[in-house]
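Q: Please take a close look at the aromatic side chains in this model and at what they connect. Then set them against the elements that carry them or lie around them.

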Amino acid sequence: MILLHGFGQRYDLPISLALYLYAAAGVVVISFVLVYLFAGDQVGAKAIHYSRRPVPALLPIARSRWPRIVGGIIGIAGLLAIVITGLFGSNNHPELNPAEYLTWVYFWAGLVILSGLVGNLWYLVNPWAAIYDAVSKLVHVKPIWKLPNVGVWPATAAYFAFACLELTTGMANRPWLVGVLALVYSVVTLAGMFLFGRDEWLEHCEGFTVLFNIIGRFGPVETERDEAGRISTVYLRPWGVGLLQPSPAGWDRVVFVILMLSTLAFDGILYTRPWSDFNLALEPIWLPMGAFGFFFVRTLGLVLLTVTFLLVFITFMELVIFLGKRNVDVKATISAFALTLVPIALVYNAAHNYTYLVLQSQALIPLLNDPLAKGWHLLPALAAFKPNFALAQASTVWYAQVVLIVLGHVIAVYLAHLRAGERFRTAQRALLSQYPMLLLMVMYTMTSLWILAQPITREAG
Amino acid sequence: MSRNRIAVVAGVLVLFVIVGGILIYASRSGGKPVTLNVTVIGGKTMNPPDLAAHQNDTVTVNVTSDTDGEVHLHGYDLIFNAKKGQTVSKTFKADKSGSYPIEWESTSTELGQLVVSP
């Protein structure tokens, strides 16, 4: 059987029709309430001013080296565990290989959700940054070459490749491949950092760093540095508002954000009836290609979905700018608005992966007894551990999903409102310009809900 | 946003959450005995492929197969040791809601699923 998702069984039930309709109605009603309340709000730079609370208690922790040291050790240990168990553990039974759980459950599903909740954790656990920092303490390193002006296109390509590994190759459940790719990517990243400079490489070419920087903006922790680069204040802020902070503009950044949205949606769409129909309709094309056909049809689907998302977004943005009636820098405006969609993507990610994360993360525990499937008994007490389903009961999951989706929608609409106020001259114009964005967000949230309400289809191979 | 407006948005959200909770937790059924009979053909297909129960039902699954082999119900982690022409039965409490695949273990062929709804 070919696993639909990158790795691991999903036991989710689609949310019931009644709940789906209720949530959809809630989204529409609350959108109108927000628009009504926002009418005649502030415009200009003041509009995106948000309240944040300094937390002096967090300053010593933020200034201390320990979070980086502990995080770095966790990151390096995780990377080593993925490479070692991937290469030398069970290869025929991915469900018995820790590399799969560490990569797809703990890192990919877990760290993304957790970072949205508490802040950019990748900054602390990035194993390559930790290795680089440790080495540069011992020997003096200086970049040899200068990175050309490539924007974040290389990071976008890296992220797309990773998404393909997860979603379109059908090979994500091969621990050996996961181990090899982790090793190759480590070599490339470290080489890039040493040759072109640590931050130059991480911020332009390392897909996960760019991704987690965006997710970290959603998180509630904010720091300010003094001239010497030392952290001077630590703030707590409401979730989401960090996305309003100034950020570099460019089509590369827009495509990266849209790719975040489309890959997340695609992961859910793969389980739906329309996807099976699409697959079936294209069978005459991909079936003769043999093993490659599977990869082809899925990658095609992912690319088409990304292009559709991008075109829809740009069309709506043109409308926003037209109604805002102001000569704005189109690229900068579109880049700034793209970030306001991030909350919807993050809550959808949490809703979609909640059960998967709760159940599959527990499945790693019994494997600690024998991580390489060699018949060891390292921790016999854990061998008989059975996952607890208490947090994954459908009623609870549905409830959490619906509440999350609506909260994310509210945050996104609010951010877009503030952003419009900042970009357009009069409150009336700003309000008018918001309607297309509101419609886009309602459509996007509805798509998320729709995916969650689809009966799960499975492919038998 | 001024305080009043935050209060209005929070109020609407709280109302939404409370009504949603009632909607979800009020409509529960289950706790009844359910018997499900299935036939597995050639270790490849199961008839019927989709089994349904409600949470807390006492479910009895009777598996009849025309070949020897193991039928595995995931999630509940139950194994039916099917023997050619015989019926194997297992009774369990459906205490976990979700959609659980049923596989022919030796080839990992998916035969169908058990859907336990709340």
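A: A residue is called buried here if its relative accessible area is under 20%, and exposed if that area is over 50%. The model is predicted, and the values that follow are computed from it.

By the ring-centre rule, the count comes to 30 aromatic pairs over all chains. One of these joins Tyr159(A) and Phe256(A), with 5.2 Å from centre to centre and 35° between the planes, which is a tilted arrangement. Tyr159(A) belongs to helix H7 (residues 153-167) of chain A and Phe256(A) to helix H11 (residues 251-269) of chain A, so the pair ties together parts that are 97 residues apart in sequence. Tyr159(A) has a relative accessible area of 4% and is therefore buried; Phe256(A), at 1%, is buried too.

A further pair is formed by Phe389(A) and Tyr100(B), also tilted, at 6.1 Å centre to centre and 55° between the planes. Phe389(A) lies in the loop between H17 and H18 of chain A, while Tyr100(B) lies in strand E8 (residues 98-104) of chain B, so this pair joins two chains. Both Phe389(A) and Tyr100(B) are buried.

The loop that holds Phe389(A) runs between helix H17 (380-383) and helix H18 (394-423) of chain A, and Lys386(A) has its place there as well. Lys386(A) is exposed, with a relative accessible area of 58%. Its C-alpha is 7.9 Å from that of Pro366(A), a residue 20 positions away in sequence.

On the chain B side, E8(B) is joined to E5(B) by 3 bridges, and the two strands run antiparallel. His72(B) stands opposite Glu103(B) in E8(B). Strand E5 (residues 69-73) of chain B also pairs with strand E6 (residues 78-82) of chain B, antiparallel over 5 bridges. Leu73(B) has Leu78(B) in E6(B) as its bridge partner. The hairpin of E5(B) and E6(B) has 4 residues between the strands, and Gly75(B) takes a positive phi near 80° in it. As for charges over rings in this chain, Lys96(B) lies over the face of Tyr76(B), 4.7 Å from the ring centre.

Back in chain A, Tyr159(A) and Phe256(A) belong to one aromatic cluster, whose other members include Trp104(A), Phe107(A), Trp108(A), Trp122(A) and Trp128(A). Phe162(A), Tyr185(A), Phe208(A) and Phe212(A) are also in this cluster.

The buried residues of H3(A) pack against helix H4 (98-118), helix H5 (122-125), helix H6 (127-138) and helix H8 (175-196) of chain A. Among the buried residues of H3(A) are Gly71(A), Gly72(A), Gly75(A), Leu79(A), Ile82(A) and Gly86(A). An α-helix has 3.6 residues a turn, so residues three or four places apart point the same way. Helix H3 (residues 66-88) has 23 residues, which at 1.5 Å a residue should span 33 Å; its end C-alpha atoms are 32 Å apart, so the two values agree. The charged end of Arg68(A) sits over the ring of Tyr123(A), 4.7 Å from its centre.

Chain A also has an open sheet of 3 strands, antiparallel, in the order E1-E3-E2. Strand E1 (53-54) and strand E2 (221-225) are at its edges with a single partner strand each, so one side of each has no neighbour in the sheet.

How values were computed. Residues are numbered from 1 along each chain as its sequence is written. Chains are lettered from A and ligands numbered from 1 in the order in which they are written. This is a predicted model: local features need pLDDT of at least 70, side-chain atom pairs count only at pLDDT 80 or more; totals for chains, interfaces and linings use all residues. Side-chain values use heavy atoms; hydrogens and water are left out. Buried means under 20% relative accessible area, exposed over 50%, partly exposed in between (1.4 Å probe, protein chains only). Rings of Phe, Tyr and Trp (its six-membered ring) pair if their centres lie within 6.5 Å; planes under 30 degrees apart count as stacked, over 60 as edge-to-face and the rest as tilted. A charge sits over a ring if NZ of Lys or CZ of Arg is within 6 Å of the ring centre and within 35 degrees of the ring normal. The expected span of a helix is 1.5 Å times one less than its number of residues. Contact means heavy atoms within 4.5 Å. Two strands pair if DSSP finds at least two bridges between them.
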